[in-house]
Amino acid sequence: MTPESMLLEEISPAEARDRDQDRDSGRTRRSPAVPPVRTIVVDRAPLPVAPPDDREAVRPSRGAAGPERLRVEDLRIKFPEREAVKSVSLSIHQGEVLALIGPSGCGKTSLLRSLNRLTELTPGASRGGRILLDGDDIHELEDTKLRARVAMVFQQPNPFPMSIFDNVAFALREQSRKRPRRSELEPLVVDALRRAGLYEEVRDELDKPALRLSGGQQQRLCIARAIAPRPEVLLMDEPCSALDPISTKTIEQLIGELRRELAVVVVTHNLAQAQRIADKVAFMYLGDLVEYGTAADVFHAPRAERTRDYVRGAFG
Amino acid sequence: MRERLLSPWPDHRAERLLGAVSLLVGAIVTAMIVFVAVHAWPTIEHNGLSWLGPGGNVDEQFSRMQAASAHPAPAVYHLRAWPLIYGTLLTTGIAVPLALVVAVLTSIFIVELAPARLRAFAVPVIRLLASVPSVIYGLLGVLVLVPFVGNHIISSADKASVQNTVELTGAGLLVTVVILTVMITPIMIALICEALASVPNSWREGAIALGLNPLRAILAVTLRAVRPAIVAAAVLATARALGEAIMVSMVSGSRSFSPRPSDGIVALFEPVRTAASAIVDFREGIAAPALGSSLYALALLLLFSALVLSVGGYLIKLPLRRYQGQA
Amino acid sequence: MSAWAPAPQQELTTGPGRRSSPLQWRWIDRLALAFAWIIGLALCAIAAAIVIYMGYRGVQYLRPSLIFSRPAEGTTQNATGGFLDPLLGTVLLTLIAVVLALPLAVASALWIAEYGRPSWLARVVESSIEVVAGTPDIVIALFGLVIFQLHLFAPFSFTASGGAVYGRSFIAAGSMMSLIALPPLFTATRDGLNAVPAQMREAAFALGKTRIATIRRVLLPSVRSNIATGVTLGVSRIIGDTAIVVLLLAPTLRFESQGSVPVVGLLRGTGSTLTTYVYDNSPAGEGAAPQKAYAAACLLLLFVLALNLIVARIGRSQADATGLTVAGAIV
């Protein structure tokens, strides 16, 4: 018998049973025709299933973090049924990706949505503490002007029922006082699509309906739409959770490039993704900010035991 | 035989029976179109298509038909129904766009702007309005609106300006259009509100997250998303407005008159008659062959426009579906 | 930079921060906002005014004596007489129409939802129902006149001495009314059948039942409330329809039987309904008794209101029971 044949033996369950019985009773028997069962005998190191992917290539060499864009001071958010966020203080800088991680219900999405005052859409929400955008309290700013500077991408891609061009130009048209002409908008739209990594795929189809795009393309379109008016901060609520792995990888690369000009805050429940893309990490648990530091610190040298447990996958 | 009927039926027999009954519906509709066309044929035969055109006084033509014998000469069939067509186009053409604007704005008001208590009051009241019989609208029109318009809105100068041609009593185009608008708006509101409520919330959130105020979010995104529903509502409203006979007959004045735009604002007060209301007004003479045939011709016209409307509505919605994510 | 230190208790503010004020919106947005408020409020006011005014007139003129006394002889109703005959006429007409429409609508809906082969025929049937739904009632009335003036249908109405069939009777009007009630009934039943989850049918088939048995035992009972809604909507349209009655139920206010056989004579004869009573007593008809017209109109409106409430109640109870909502059509 060759070594390979020692690894795999195809026998049927009936035959296995018979063999046992035969071994016990010392007889041999013919086996009937039943589907075989593979029993694998492992005696050497496992082969890796796929070659190691270029994870490290997602994050280019880190330069110095830019100026502080958003500062959260002692934020509290309370909904009628529960308290979502209890006293969180953070700092968000340009040039950095901040990942908000934590199990479901820990308040990370509520925290994200409070950064552009989207929590106000929920009736009965109350808040405490301050959030400063470039030094201005965001609750003193007009909500429409705030959201022109702090953009958001949602979990489910939500392109509007219009053409691709109209989607990306949407915010540009709405934020200008006069109706801009298409010739004025076109370079901005093309630039946004380029920065979102979608231009090459749709350059000939700008007037086709946006809803015809695939899921990954739609999400990149939403990113293009969000960054077209050149916001200062980009908030992303689990942007890849509804997408396939290839689109996920594309968008993670995108995030790496976008953070040069923006501050990016990403909520994710995927720890591996956080490890791939984050510069700073904030770990929340049931509304408390348990740990906040650089990615290297939080993932490899966490100070809190709960962080260590979560990062190792002990709970989720 | 009795056993055959009472024991459980096999499927194919049940299917045939149900199919036959369903076919009956199709047969009835086909019969309707055929019979109306057959009875309308004499008028079309004698006038050609110019029965739709202008030329003379429709009322006089109808009374001539009514007075004729049981076997009238071909000349009696002479009909130029343009005043009726014009009246139909005028009333429907003003009421439907007006109702569309009112319905869209009211739907936005109900869904977005109204405080909760007002909304709880408005929704059932508007639904009730949608099922009020047209004769009640006509009654209110003729007993309340017509005297009001006749006594308080039309001035004696207005009456004097047209007194050689027509007498202004208050019953006329204005009251007809106003009541028609009020009649067709509730159905449109119901359809549009339902459509607005079923637009996914994600679009509204996305628009607000891009820095739009809530009203602008509705106007720019949600209204685009409900365009098929708005088209469907408009088609439905037009069909209803075209076929409204009783109410129009009660408030539009009893003359087949074409309101003249050259009279300026007074044209609104001039009487008018639509194709549908003409059928009601002249129903008693339907036994006279020429008059009966004319009325059936008008009915054929109404039937034809109802068919065109449903096909047209379907065609308009087709390109709009390109941009929708859902049906 | 972790937030381990417990934070001091602070007051929470409820409500939004600074909102963009409408004064700074684009002019078209401000216009739309203003118009939306104005027109929305105006329409609610008009709707309320109509209901309140009809109620006021009803209180003024509606008396129980009117409901239970018959109209006076002849055409002027000024002095005496109520509207018992028209009221009963409405009821009779509704009964005839529902009896005719119900089997037709339910059978067609069942066939479309459960069989539907061949598909071109299914399309024909569905399009026919849509055509009927979109046809003005005055055209349906004329069609009824054409049909019932055929000699074939002479037994259904009065035949004059010259041989001309009158063509107007309760049967004639009732048959055409059934066409009015057909679309809402069909749509409600079909939507109800389509909403029955596939598992119910599959479970029945798995138990070995034939399709028709499934229909009888499983499907029809589950769409009972849909059928009830459809019937109510249809009845609401029937009692409000004037054009068909005006054309097919000649200008008599009281019941005029035709022939000596009791019930059949009634059906072959003519009469009136609440709607024609209102029409005849308004200035459009004889015009002599607007008070009676108001009273009858108010009664009619009360019926319509009651039917609306029934539809709402059925919808609510079905939503509670099965978690499915009735796809109610208003038209």
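**Entry 1: confidence in chain A**

I then looked up chain A as a whole: its mean pLDDT is 80, and 79% of its residues reach 70 or more. Residues 26-31 of chain A also have a pLDDT below 50, with 9 contacts in the model beyond near neighbours in sequence. I note that where pLDDT is low, the predicted coordinates should not be read in detail.

I record the conventions here: this is a predicted model, in which local features need pLDDT of at least 70 and side-chain atom pairs count only at pLDDT 80 or more, while totals for chains, interfaces and linings use all residues. Residues are numbered from 1 along each chain as its sequence is written, chains are lettered from A and ligands numbered from 1 in the order in which they are written, and side-chain values use heavy atoms, with hydrogens and water left out.

**Entry 2: the sheet of chain A**

I followed an open sheet of 6 strands in chain A, in the order β8-β9-β10-β5-β11-β12 and with mixed pairing. Helices (H or I, at least four residues) and strands (E, at least two) are DSSP runs, numbered from the N terminus; two strands pair if DSSP finds at least two bridges between them. At the edges I found β8 (150-153) and β12 (288-294) of chain A, each of which pairs on one side only. Direction ignored, neighbouring strands of this sheet are turned by 15 degrees against each other on average.

Within the sheet, I looked at β5 (residues 97-101) and β11 (residues 280-285) of chain A, which run parallel and are joined by 4 bridges. Ile101(A) stands opposite Phe283(A) in β11(A).

Helix α6 (residues 182-195) of chain A packs with α8(A) at about 130 degrees, their axes 8 Å apart. The two helices are therefore oblique to each other, since angles under 35 degrees count as roughly parallel, over 145 as roughly antiparallel, 65 to 115 as roughly perpendicular and the rest as oblique. Ala192(A), Leu193(A) and Arg195(A) in α6(A) meet Leu221(A), Ala224(A) and Ile227(A) in α8(A).

I looked up the make-up of chain B and found 14 helices and 0 strands. Its C-alpha trace spans about 75 × 70 × 35 Å along the principal axes.

The axes of helix α4 (residues 82-113) and helix α5 (residues 116-130) of chain B come within 9 Å and cross at roughly 135 degrees. These two are therefore oblique to each other. Among the residues that make the contact are Phe109(B) of α4(B) and Val123(B) of α5(B).

Lastly, I turned to helix α10 (residues 214-225) of chain B, which packs with helix α1 (residues 27-61) of chain C at about 95 degrees, their axes 10 Å apart. That makes α10(B) roughly perpendicular to α1(C). Leu215(B), Arg216(B) and Leu219(B) make the contact with Asp29(C), Ala32(C) and Leu33(C).

Terms used: Axes are lines fitted to C-alpha atoms, for helices over the stretch in contact, and angles run from 0 to 180 degrees between N-to-C directions. Contact means heavy atoms within 4.5 Å. pLDDT is the predictor's confidence in each residue, from 0 to 100.
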